[in-house]
Amino acid sequence: MSDFFGNKTVDDYLNEVDFDHINNGGYVPSTFSLQFMNFIKLVNDGKGEEHKTPSMHLAMLDKVTNKQKRITNLCFRGSAKTTLFFEYMTLYLAMFNHLPGFGKVQSMLYISDSMDNGVKSARESIKSRYDSSEFLQTWMPEGVRITENYMEFHVTNGNKFGVRMFGAKSGIRGTKIFGKRPALAVLDDLISDEDAKSPTAMSKINDTVYKGLHHALHPQKSKTILNGAPFDKN
């Protein structure tokens, strides 16, 4: 999948990594990334997360509001990319229905390695965050409507938000939420260790990314965020 964002390999991307702009003390996070981190604290009723916000998370969020239609985040395992870009991103968009620099976002696709692994884990994490958050329960008193492959949120300010979830080896064409194709897709750890060893599984994943995704998103305006851990050159 090395050509999803251009004709580069994983090694090419890793060779371009440069943290000087963050580590030299001159890094200034975007307004959006700081607002997003404040939202995380609100979701946790003012307590924040277990660890302090890493600069890496802020730098990743900085990219969300640019004009690029496709963004890739290659990170080590355990870097909380699913927590950041699905769990909290879903709750943020449910609350505000808007991304700065992009516009209205009322629905999204979430694609992970399988329904029984990545999708189930992320779905249960969002439910757990809602159940333990007084802030979310105040603003979303109807709760989170959850089925195996769909979540829907209704906010007291009138906003509503839907998320359709898929395994990476399943078909995603023709997906509509609230009568429209989603404007945002988050692709998260699509390839398991076992899938990486299987040409058949890799072929199905490639079909999802290269053939299915384009037809599943809004034809005029869309954004895709791909998160992964570069554990295999393929």
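Asn97 counts as buried because its relative accessibility is 3%, where buried means under 20% relative accessible area, exposed over 50% and partly exposed in between (1.4 Å probe, protein chains only). Welcome to a short tour of a predicted model, in which local features need pLDDT of at least 70, side-chain atom pairs count only at pLDDT 80 or more, and totals for chains, interfaces and linings use all residues. Residues are numbered from 1 along each chain as its sequence is written, and side-chain values use heavy atoms, leaving out hydrogens and water.

**Backbone and loops**

- Asn97 sits in the loop between α5 and β2 (98-99); helices (H or I, at least four residues) and strands (E, at least two) are DSSP runs, numbered from the N terminus.
- The phi of Asn97 is near 55°, a positive value in a residue other than glycine.
- Most residues other than glycine have a negative phi.
- Asp189 is not a glycine either, yet has a positive phi of about 45°.
- The loop between β8 (184-188) and α8 (193-196) holds Asp189, which counts as partly exposed at 28% relative accessibility.
- Ser222 belongs to the loop between α9 (199-216) and β9 (223-228) and is buried, with a relative accessible area of 13%.
- Leaving aside residues up to four places away in sequence, Ser222 touches Lys69, Phe102, Ala183 and Leu217, a contact being heavy atoms within 4.5 Å.

**Helix α3 against α5**

- Helix α3 (residues 31-43) packs on helix α5 (residues 81-96) at an angle of about 90°, and their axes are 11 Å apart.
- Here axes are lines fitted to C-alpha atoms, for helices over the stretch in contact, and angles run from 0 to 180 degrees between N-to-C directions.
- That makes α3 roughly perpendicular to α5; the classes are roughly parallel under 35 degrees, roughly antiparallel over 145, roughly perpendicular from 65 to 115, and oblique for the rest.
- On the α3 side the contact is made by Phe32, Phe36, Met37, Phe39, Ile40 and Val43, and on the α5 side by Leu84, Tyr88, Met89, Leu91, Tyr92, Met95 and Phe96.
- The residues of this contact of α3 with α5 divide into 13 nonpolar, no polar and no charged, with Ala, Val, Leu, Ile, Met, Phe, Trp, Tyr, Cys and Pro counted as nonpolar, Asp, Glu, Lys and Arg as charged, and the others, Gly among them, as polar.

**Helix α3 against α4**

- The axes of α3 and helix α4 (residues 55-62) come within 8 Å and cross at roughly 125°, and the two helices are therefore oblique to each other.
- From α3, Phe32, Ser33, Leu34, Phe36 and Met37 make the contact, and from α4, His57, Leu58, Leu61 and Asp62.
- The residues of the contact of α3 with α4 divide into six nonpolar, two polar and one charged.
- Six of the eight residues of α4 are buried, so α4 is largely enclosed by the rest of the structure; the buried ones are His57, Leu58, Ala59, Met60, Leu61 and Asp62.

**Nonpolar cores**

- The largest nonpolar core has 47 residues, and those with the most contacts inside it are Phe36, Leu61, Phe86, Leu93, Phe153 and Val163; such a core is a set of buried Ala, Val, Leu, Ile, Met, Phe, Trp, Tyr and Cys residues joined through side-chain atoms within 4.5 Å.
- Helix α5 supplies the largest share of this core, ten residues.
- Phe86 touches Lys81, Met108, Tyr110, Ala122, Ile126, Met151, Val163 and Met165, not counting residues up to four places away in sequence.
- A second, separate core of 17 residues includes Ile111, Phe166, Ile191 and Leu217.
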